[in-house]
Amino acid sequence: TSQQNIIPTGAEKRRHLRYPGQYRLRYTGKIGSRYVRGEGVLVDVSLEGCGIQGSCPVEQGHELTLQIDLPLKKLAVTLNRAVVRWASGGRFGIESS
């Protein structure tokens, strides 16, 4: 096959490198008619989003608000309107604009 016919999958589609992390976070959002509130760990981060291992399952396409705890500070960074791009069990990836 020619190089033009190869369609990248998974990590090959990413435009930015992902860096590992271990930051505790909380997330909230509305999925359909129910509200979601969970805790988790940010496991990797890039310029456009991050991967999360969470306590409460979410669904692709929904918006969440994330509060990420910084390790050396007594404050949290808040991300509003983070969109779930993929979800599998308790693991999911978000994109933030």
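This is a predicted model: local features need pLDDT of at least 70, side-chain atom pairs count only at pLDDT 80 or more; totals for chains, interfaces and linings use all residues.
Residues are numbered from 1 along each chain as its sequence is written, and side-chain values use heavy atoms, with hydrogens and water left out.

**Overall build**

- The protein has zero helices and six strands, where helices (H or I, at least four residues) and strands (E, at least two) are DSSP runs numbered from the N terminus.
- Along the sequence, the pattern reads β-β-β-β-β-β.
- Of the 97 residues in the protein, 29% are buried; buried means under 20% relative accessible area, exposed over 50%, and partly exposed in between (1.4 Å probe, protein chains only).
- The accessible surface comes to about 7,000 Å², and carbon and sulfur atoms account for 51% of that surface; such areas come from the Shrake-Rupley method with a 1.4 Å probe, and for residues only the protein chains shown count as cover.
- Among contacts between residues at least 6 apart in sequence, 46% join residues at least 24 apart, a contact being heavy atoms within 4.5 Å.

- As background, nonpolar side chains in soluble globular proteins tend to be buried together.

**Salt bridges**

- The model has five salt bridges, each being a side-chain nitrogen of Lys or Arg within 4 Å of a carboxyl oxygen of Asp or Glu.
- One of them pairs Asp-69 with Arg-26, whose closest N and O atoms are 3.0 Å apart. Asp-69 sits in strand β4 and Arg-26 in strand β1, so this pair ties together parts that are 43 residues apart in sequence.
- Both partners are partly exposed, with relative accessible areas of 24% for Asp-69 and 31% for Arg-26.
- Arg-81 pairs with Glu-63, with 3.8 Å between the closest N and O atoms. This pair links distant parts of the chain, strand β5 for Arg-81 and strand β4 for Glu-63, 18 residues apart.
- Arg-81 is exposed at 57% relative accessibility, whereas Glu-63 is partly exposed at 40%.
- Glu-95 and Arg-85 form another salt bridge, their closest N and O atoms being 2.8 Å apart. Glu-95 belongs to strand β6 and Arg-85 to strand β5, so the pair ties together parts ten residues apart in sequence.
- Glu-95 is partly exposed at 27%, and Arg-85 is partly exposed at 43%.

**A loop residue to look at**

- Ser-55 is in the loop between β3 and β4, and it counts as exposed at 56% relative accessibility.
- Ser-55 and Gly-38 are 17 residues apart along the chain, and their C-alpha atoms are separated by 5.4 Å.
- Not counting residues up to four places away in sequence, Ser-55 touches Tyr-27, Gly-38 and Glu-39.
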